[in-house]
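Here are a few notes from going through the model. Have a look at the structure first, then see whether you read these spots as I do.

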Amino acid sequence: MKKTEDLTSKKENPYAALFTHWGIEAKQVKEVCPTDMDLSLNYRRGYVVLTEEGLYVFSAPQQLKRLDMTDKKPQPLDDNSEYVFYSTDSITRLSVESQVACVSLVAQIDGAERILAVTSECNAAKMRHLARLVTLEEEEHNGNFHGKPDRPMHSGRGGFGRPPMDAPKGKGAGFKSRMGQFARLMGFFKPYSIGVVAVVFCFLATAVIGLISPYLNGKVLYGQVLEKNIGTSELEKAAGALLLTILAMLVVKIANSFFSSAHSLIVAKFVPRVIRDIKNKVFDAMSRLSISFYQSRETGTLMTRVLDDADQVTGMFIDNLPALMVDFVTVIVATAIMFALNPVLALAAIILLPISSILSYFIMPRLWMAYGRRHRAARKLNSGVNDNIVGARVVRAFGRQDDEKGRFASSNRLVRDAEVAIVDTDSKITAIFSAARELANMVVFATGACMIMTHTFGMDYALLITFTGYVGMLSGPIDTISMFMRQWVNCMNSAQRIFEIIDARPDVEESENPTHLENIKGEVELKRVCFAYDKGNPVLTDVSFKVKAGQMLGIVGRSGAGKSTLLNLISRLYDVDEGQVLIDGVDIRDVAMKDLRGLVAMVSQETYIFMGTVAENIAYARPDATPQQIIKAAKAASAHDFIMKLPDGYDTLIGTSGRQLSGGERQRLSIARAILTNPKILMLDEATAAVDTETEINIQQALSELIKGRTTISVAHRLSTLRDADSLVVIEEGKVVERGTHRQLIEKKGEYYRLANIQHQALKKRGLE
Amino acid sequence: MSEIITVENTFETKYITAQNATFEKTEGGFVSVQFEGNFYPRADFCRAFPLSAPDVYISVRESSGKHREIGMIENLLEFPQDIADMIRTQINLRYFTPKITKLHSAVDANGTTTFDCDTDKGRCTFVIRGGSDAVIRLSDTRIIFTDVDGNRFEIADLTKFTRREQKKLDLYI
């Protein structure tokens, strides 16, 4: 046993004095670790005490009544506690082994391993410290294997508010196309037409009832009841009339509440369904689309589309549009009533309204611009924060925190400025509208008062009060109508994005009468294939080769030569521009998509882990796989061992919100995924690029088992990976420049020989080092 | 260009049964295994599916070196009771997770929650941090808590709790 380390800390160990009862003096004690479990894993107080002589393992006579993990104070032991003593000489090694959620103290005593004590994670650090005192260089036994679970990290992706809507463009732009969209949007509501009608009816009912109110308050209450009955002797009659009027007002109020509640209820019933329908439709369309669609668009934008645009559109239809209808009706009916009651006063009331509308018409674009500016500023701010969270490691590694702070501050300032501009313009508009409203009120009052005093135009108090009620009703709707335009533009932008996805035609479409392949041998042939991602920038020109069933073809070439593109074409993620890709002599464009997908599997350099358990990820393409098959596939991919090292094994949650895996681990999972699908044609696109040499050789060996009886097309940087290939194709700038076996190509002393030499030299150099 | 690295065949699963292997309890509280002519003085037992299928597919591994897999137990329930129990004591340590049987209180403070509950291992108070990391919902009724230190606690069946307890728990799951 190594010489024990002296306690460096001069501080009194708070636990040291607890053991005098058993003859252990405080100054003898080198370290104490409390334990809270016994060896049969029940909660029980205990201590592991390290002295110069050896190790005392104490255990309380009975189980703990209550284990308080928040209480870290030293607790004295019962006097009748017992201990086991292990002398320093008998212990050859002392180590702390991490379990999934507790630790155990294991000693090598007289040549055999013995478990001495167990404790919860609360004391794990202390226990490790104690063990370290015994063996200076702590070999944390099983260190790697029983590795502690890393706390799942929050990944920074997503969740940063939606990217802002495009700033509204000029009014009326593309108005016609918008009407077309509008009509299509209506289509989404078709299955719920009863609900829509009910909503509109409720809105209108509310509006009409609202219109009755001023009439009751003014004309009836003042004109009919109060004026006529004031000073008359028929008190009973007067009281009756008053009661009746109040009752009528009450009924109106109740009816009003009834309809608005009914409206909310109906909306709550069917709006979520419409949103769900739209989202489903967009998601269906997205699944149908070919891979090129995803590569030409940002993920963030796509997510906004599926999730937010549906809300935006539905909100427009359910809230804004009916409200607008009600407002229109209100304005027209109220104006009509006012004219019917007193045309002159009506004119006075509405004369100022156009003025405010015209003014707001000029200021409104400024408001829209301010909104647009805020959206852009916010977007910049969001992406800055996003960068810093996703790239936190890079930021710290290069010590750029201060610069990042500065960058954040400057975009934050932009947001503030834009916000101020919005508030500024907004308050101007509000001021104009309220000024117009107040002015209109005053004009009405003044004109009305004059009329009453001069007894002209049949004006009286009752009429005046009714009138002011209607004037008040006008201003609200006019505000909303002018605001409506902006919402309309937003909604139509959303609608446009939704339809863009729904209407997008997949580049790769299934043929109308697909051939169903049976008894496939797995022969792959490319005939004079040309392909370009963007027209005029060809990636592959005139590529032909043939892989016999069950053979392995290696594709070699510099990065960017078009190797991965070839695989994309064979798995039909893209269609060839010219030429043909044939499987067993059948053009893959004629093959049923489902057959093709079951036939071809690809392990690529890009690995994607879905949210779920390890087992679910491996069984992604075959959810019905048995645990045995999953383990077998994982073993074949050299993934089993690392999976078993995870505390939760195949049940470990991985993906966005789960445990983070390393590049090599992800790679091996995706290989396991491919292995499990048992494809006839296997494509490996730098399948082992992200793993270390030893793992690569492991995987290579696994693959060499796997490729038996399968057609394999393998793209690799490291030529050693392709040693077993039956034939090789060297691609340069989208053309096949050499083909043959490894031996033939080496003898040929061409491009392959050159590449092989470079790699050989590089390896040699490293070997010399 | 050929590098000489020998890698043993790791992709074949060897299945260990009570018939083809001998398990024995060691003095020190571990289990030794005799399998395919090799003697392993101490073996570790890891579950492949600790949460979803605890008794099937248990990996038996060397306890030192590279922790190579000795073999796999396909189903522990097919083992004789005494051997299964022996293995289970090893597994129970590795996957020590007290089951909560009764919730006394759950108190929030500063983004953490202190639970006081009865478990099958005794009464216990523990603290979890707010946020989703600390709570894993395995199903509608089965929940795993991980406290600030890394201790785990399990609620095996939420429906077995009283309505009042469920209401309290509902805030955290």
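1. Ring pairs join Tyr15(A), Phe19(A), Trp22(A), Tyr47(A), Tyr56(A), Phe58(A), Tyr83(A) and Phe85(A) into a cluster. Rings of Phe, Tyr and Trp (its six-membered ring) pair if their centres lie within 6.5 Å; planes under 30 degrees apart are stacked, over 60 edge-to-face, the rest tilted. Over all chains, that rule gives 21 aromatic pairs.

2. Keep in mind that this is a predicted model: local features need pLDDT of at least 70 and side-chain atom pairs pLDDT 80 or more, while totals for chains, interfaces and linings use all residues. Residues are numbered from 1 along each chain as its sequence is written, chains are lettered from A and ligands numbered from 1 in the order written, and side-chain values use heavy atoms, leaving out hydrogens and water.

3. Now Phe610(A) and Tyr620(A): their ring centres sit 4.2 Å apart with planes at 10 degrees, so this pair is stacked. Phe610(A) is in the loop between strands E14 and E15 of chain A and Tyr620(A) in the loop between helices H14 and H15, so the pair ties together parts 10 residues apart in sequence. (Helices, H or I, are DSSP runs of at least four residues and strands, E, of at least two, numbered from the N terminus.)

4. In chain B, Arg42(B) lies over the face of Phe30(B), 3.9 Å from the ring centre. The rule asks for NZ of Lys or CZ of Arg within 6 Å of the ring centre and within 35 degrees of the ring normal.
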